[in-house]
Every structure is written in structure tokens, then in C-alpha cells.
Amino acid sequence: MNQNHPDTNSSAAPCVMTIFGATGDLTKRKLIPALCNLAQENLLSTQFAIVGFAANDFDTESFRKSLAENIPKFAALPIDPKLLDWMIQRTYYVKGDFLDSEAYKRLEQQIAEADKKHNTLGNRLFYLAVAPRFFSSIVKMLGQCCLSKEEENRWSRVIVEKPFGHDLASAKQLNQELKQVLTEKQIYRIDHYLGKETVQNVMVFRFSNNIIEPLWNRNYVDHVQITAAETVGVEHRGGFYETAGALRDMVPNHLFQLFTMTAMEPPISFDADEVRNKQAEVLHAIQPLDPEDVLTNTVRGQYGSGTIDGQRVIGYRGEPDVAPDSNTETFVALKLLIDNWRWAGVPFYLRTGKRLARRVTEIVIQFRRTPFVLFRNTSVRNLETNRLVIHIQPEEGISLSFGAKVPGSVMKLGLVNMDFDYCTYFGTEHSTGYERLLRDCMGGDATLFQRADMVEAGWSVIQPILDLWHALPPRGFPNYAAGSWGPKSCSKKTAARGTAMAKMSWTSAPTSQVQKKREWPAEGSASGARNPNPGGCCGHRTASGARICSNCDRSRAREERVPGRAGGGLHSQSPLQFAGQRSSAALAGSLG
């Protein structure tokens, strides 16, 4: 058996788990409840202990009391009092500053005592549930006190939360700093999205079903959509969000993880490096974005005041710790192309946003339309295309739509949905999403964790977007109301798509059905066409010739209109289209 994949019915390896930032929300809302769930299922070793490390004024007894009060509040199911007491009694606390060497000496002593008392075999797991600015400093301190050192049959691993860097340069720097102390095999860059059963099932669904994988390519797939929509605002994370925004917060991690699992080639095994090699290949194969691509194939937005579930909510600029004139984006949509044999010419649409009409995360595979010739002399006027939807959250499942004849003497077609629901077939699973990830780390399986090259490749894709958006501050923010489906610029192109588009929300029309329409192309594009009225620009350009002047209304018009490129590229006839501003009922209908 592969050592990277422990028996699914066996307990995790013994260890002392140290949580930096142990008094924060992540610990009481996710980490401790996840550990309790593992223990409930006998998947957590009895040779286990927890050490909390933070600057808050606790000692072991008061920390235990706090956990005893909070764990039942956040656990999805009632916890057996004996189990809760078992977990609490093997939990300890060390007060200290993350940069204080004396505090690490106390931490080292506490870990040694817990190791001896609970027989954890010298294995150490460190979870960095802290602000990103502390990642390097904590790892450096662990190295100085030798807590990160691995010895024969004794491992030491570090879990790093997102965000991993704030751009390409910072991600590379952070990788370099961590690797001065740790080896790549000791670093586990976590993304809790990958702890969801439906995400893990993407590969199983693709590679274990012979009727699916042969269709998973450019010959049959028209386009792919990956959506992560939230109804909540930034809540109490305004300070963090001001430095991040939707692009940094969601795209390089959550969305790119779903993207690579959807687009990757079959690995030869489920070994961690084999799977991650294939994911990295996808990121490296993404067609680079030049400034004109960024203008035409991306949309950004910021929510204003609006109504969610009948309640009036404030706009982003009114949130705590947010500047009243903030230009931070809370909505992002982009089109990506992959230059490989499987996906050449197939657009991938990624979008995410806050304060939208409905909470939903899903992957949509839109298949190509069949030839219409068979139905030419019938009453059928339009053929619906097949769609495969992988529902990530809140409902978990898979649905497939296909055409069928409506009973009657006249040829009419209807759309039929086949639905698989996890809850119906396997029962409700009360999971935080962290159980599988924590256990995998304890078992040394890094399959669901990002590798350094994957992180840097992801930032390489979005760096051109960051650069251009920095050069061109947005106009008109806020540009969508809370409770809507995002900026109107995402839906302008869908108004004339007919009834086929009306039945789909957050969906772009298949490229085979898109009506070709002349748009302003990029100057110097393959078509040779030019902007009919370039006047009024001060002439500032990038090396590729695209205008980035903050006074250039034409560049901004292109950005806000999100047209397709009139010439050049794999999909010059397919502009970025989003059926935004749809009602939640329309979206529910599209999900079947």
C-alpha cells in the first residue's frame, strides 16, 4: 500500500498538534470541532495532544474552560460529554508573542511534556492559524529552537493557511523563506475547499466512469463555468479585505483548485506528487493574459447597498474598517483559455463575489450543441445543450440535463434533469471540511495541499490582472446592488440570446450559438481593425500597445463592456458573457 495513503479505516498517526493563534475563530469554529469529529469516528489517534499558542491572557485551565464552553456551540452534532472531556484534558496552552524566543522555549518544554504524557512518539504538527505576516517569522523561530527538525521515525509538519502571498513576488519570497527552514515535504498549504466531499469526488467521477472521461475534452465540451457566489458581505474582515479583494482572496486558491481538478489530465496514481504534477501542468498551460486580454476578458465589481433575504444591507464602503472611497473589488469574473490538446479553444469562465443573490459553488460543464439538421422540418426551433453540474455547496451532488421528447402528436423537446444528491444517497455528513485535511497531514498525504510550484503558477496567471487593475482604478464603484447577480456589464451581452439564455443564469451561451457581433478589437490585432475614435487618450501604452491611461474613456469602455476580441485568439467569436442580474428563482431553476 502506498505510504502516502493510509488505510481509510485506520487512525491518524500520533502527534502533538500546536495551533498558533489558538484563541482565534478558526480554532473554535473549525479545527477543534473537526478533531472531535475525527475522534468520534475513531480516526484520531489516542496518542494525541493539542498545544495552543497565542498572546491572549490565558493559561491551560482557563483555555480549557473556554474551549469547553465554545466547542458545543459550533459542533454540527451534539458531542459525547466523555469525548469532549477526553479532548479537553489533552489540551494545553502557552502564552507568548510569535516573535519572542523565550516563549518558544516555553512552547518547546510544553510540547515535550505533552509528548511524554500522551506518548505521541515525537511527532509534531504545527498549524499557522495566524495573519500571513507571521508565517515566515514563526517558521524561522521553530527552526531556531529545533522544533521543525525531523529525526528518524519522527516527523515535523507545518500547515500554512491562505492567503499564500499577495502577488507573485511575495509568494516566491514566502516559499524561499519557508524552505530555508523546512523541506517541501514538510509544508502543507491548506485550502479548506478541498476538504469538501464533492470536490474530492471530481477526480473519482471523471476517472472511474468510462462514459464520462471520453467526453471530457474540446470535441464535446463547449465551455466550462466555475462559480463561487456568497450572500454574505465581508462581515468583520473589512481590514483584511481592503488589502486583498476578491481576486486575491478567492481566485489563486479556491477557484484554481476547482479549475485544475476539472481540467487536469489523468494521473497514473493517486500519489500526492502524481496528482499535483497534473494540476500544475494545467496552470502552466493557461494562455498568458496581455493587457488587452485583461480589459476584454475580466470584470470587477463592488457591492452597494441592497436587499438580502428581505433585509436591507449596507454597501461595502459602509462596512467596518473599510475606507469610504474604497476601490477594492468584491466581485471578479474572468475567462481563461488552456493551450493543450484536450482543451484548446474551450473557454473556462471563473467568477466569485460577495453579497450576491444566492450562496452557491458549482462547476458547470456545458457540452456542444448537436447538429440541427435532423429537426429542420419539425416544430423544434432550438436544441438545448447538455449540461453537467457538479454542486459543491450548499447542496452537494451532481446533475445532468438532456433533451427528451414531450409526449404528444407534435415534435416538442423538453429538458430533463438527472440528479444525484449526496444527502439522499449517503445521508447527511456533518463535516467542517477540515477533518480529511487534518488527517491527511497527520498521515503524510499531501495530495489535497498545494505545492510551491502550483502556488507560483497560480499567481503568475493573475499577476497581469493585478498590474492592470492597479494602473486603471475602477470607475463607478459600487457597480452592483447587494442581492443581485453582480455588475450589469456581466449581463449586457446576454439580453439578445433568446429563450435559451433565459433558462440559464450565470451561464454563457454555447459558442456554437453565439451571434457574431462586431466589437472594437485590440489595436494591432489579427483582424487589422482599429478603434474608430481613439481621440481623447493621452497616449500612455503598455509594451503590447494597449492603452492604460486613467483618462482614456475608450479603454474603460472596453473594460466595462467586456466585449470579445474581434480578431486573433482561439475564441474571437465568443465574448465573455454572464447572465447576471437574474433572480434567485431563475438560478434555482437552472440548477434543476
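## Burial and the overall picture

A residue is called buried under 20% relative accessible area, exposed over 50% and partly exposed in between, using a 1.4 Å probe and protein chains only. Cys-146, with a relative accessible area of 48%, is therefore partly exposed. The model you are looking at is predicted: local features need pLDDT of at least 70, side-chain atom pairs count only at pLDDT 80 or more, and totals for chains, interfaces and linings use all residues. Residues are numbered from 1 along each chain as its sequence is written, and side-chain values use heavy atoms, with hydrogens and water left out.

The protein chain has 592 residues, and 55% of them are buried. Its secondary structure comes to 16 helices and 18 strands; helices (H or I, at least four residues) and strands (E, at least two) are DSSP runs numbered from the N terminus. A contact here means heavy atoms within 4.5 Å. Of the contacts in the chain between residues at least 6 apart in sequence, 78% join residues at least 24 apart.

Eight strands form an open sheet with mixed pairing, in the order 8-12-13-7-14-15-16-17. Strand 8 (298–301) and strand 17 (413–421) are the edge strands, each pairing on one side only. On average, and with direction ignored, neighbouring strands of this sheet are turned by 15 degrees against each other. Two strands count as paired if DSSP finds at least two bridges between them. Strands of a sheet pair through backbone hydrogen bonds, either parallel or antiparallel.

Strand 14 (residues 360–367) and strand 15 (residues 387–393) are an antiparallel pair, joined over six bridges. For Ile-363, the bridge partner in strand 15 is Ile-390. Helix 7 (residues 197–208) lies across strand 14, strand 15 and strand 16 (397–405), and runs at about 145 degrees to strand 15. Helix 8 also packs on the sheet, where it touches strand 7 (221–229), strand 12 (331–337), strand 13 (347–353) and strand 14, with its direction at about 140 degrees to that of strand 13. For such angles, axes are lines fitted to C-alpha atoms (for helices, over the stretch in contact), and values run from 0 to 180 degrees between N-to-C directions.

Helix 8 spans residues 238–263 and includes His-254. With a relative accessibility of 3%, His-254 counts as buried. Beyond its neighbours within four places in sequence, His-254 is in contact with Lys-162, Asp-191, His-192 and Tyr-193.

Helix 8 also packs against helix 9 (residues 272–285), at an angle of about 105 degrees and with the axes 9 Å apart. The two helices are therefore roughly perpendicular. Angles of 65 to 115 degrees get that label, while those under 35 count as roughly parallel, those over 145 as roughly antiparallel and the rest as oblique. Phe-256, Gln-257, Phe-259, Thr-260, Met-261 and Ala-263 of helix 8 meet Gln-279, Val-282 and Leu-283 of helix 9. By class, this contact has six nonpolar, three polar and no charged residues. Ala, Val, Leu, Ile, Met, Phe, Trp, Tyr, Cys and Pro count as nonpolar, Asp, Glu, Lys and Arg as charged, and the others, Gly among them, as polar.

## Helix 6 against helix 13

Helix 6 (residues 168–179) packs on helix 13 (residues 452–471) at an angle of about 165 degrees, and their axes are 8 Å apart. Helix 6 is therefore roughly antiparallel to helix 13. Leu-168, Ala-171, Lys-172, Asn-175 and Lys-179 in helix 6 meet Ala-452, Val-455, Glu-456, Trp-459, Ser-460 and Gln-463 in helix 13. This contact has five nonpolar, three polar and three charged residues.

## Backbone details in the loops

Two cis peptide bonds deserve a look. One runs from Gln-393 to Pro-394, with omega near 0 degrees, and Pro-394 lies in the loop between strand 15 and strand 16. Another joins Phe-477 and Pro-478, with omega about -5 degrees. Pro-478 sits in the loop between helix 13 and strand 18 (480–481).

Leu-121 has a phi of about 65 degrees, in the loop between helix 4 (101–118) and strand 4 (124–128). At 44% relative accessibility, Leu-121 counts as partly exposed. The phi of Cys-146 is near 65 degrees, and this cysteine lies in the loop between helix 5 and strand 5 (156–160).
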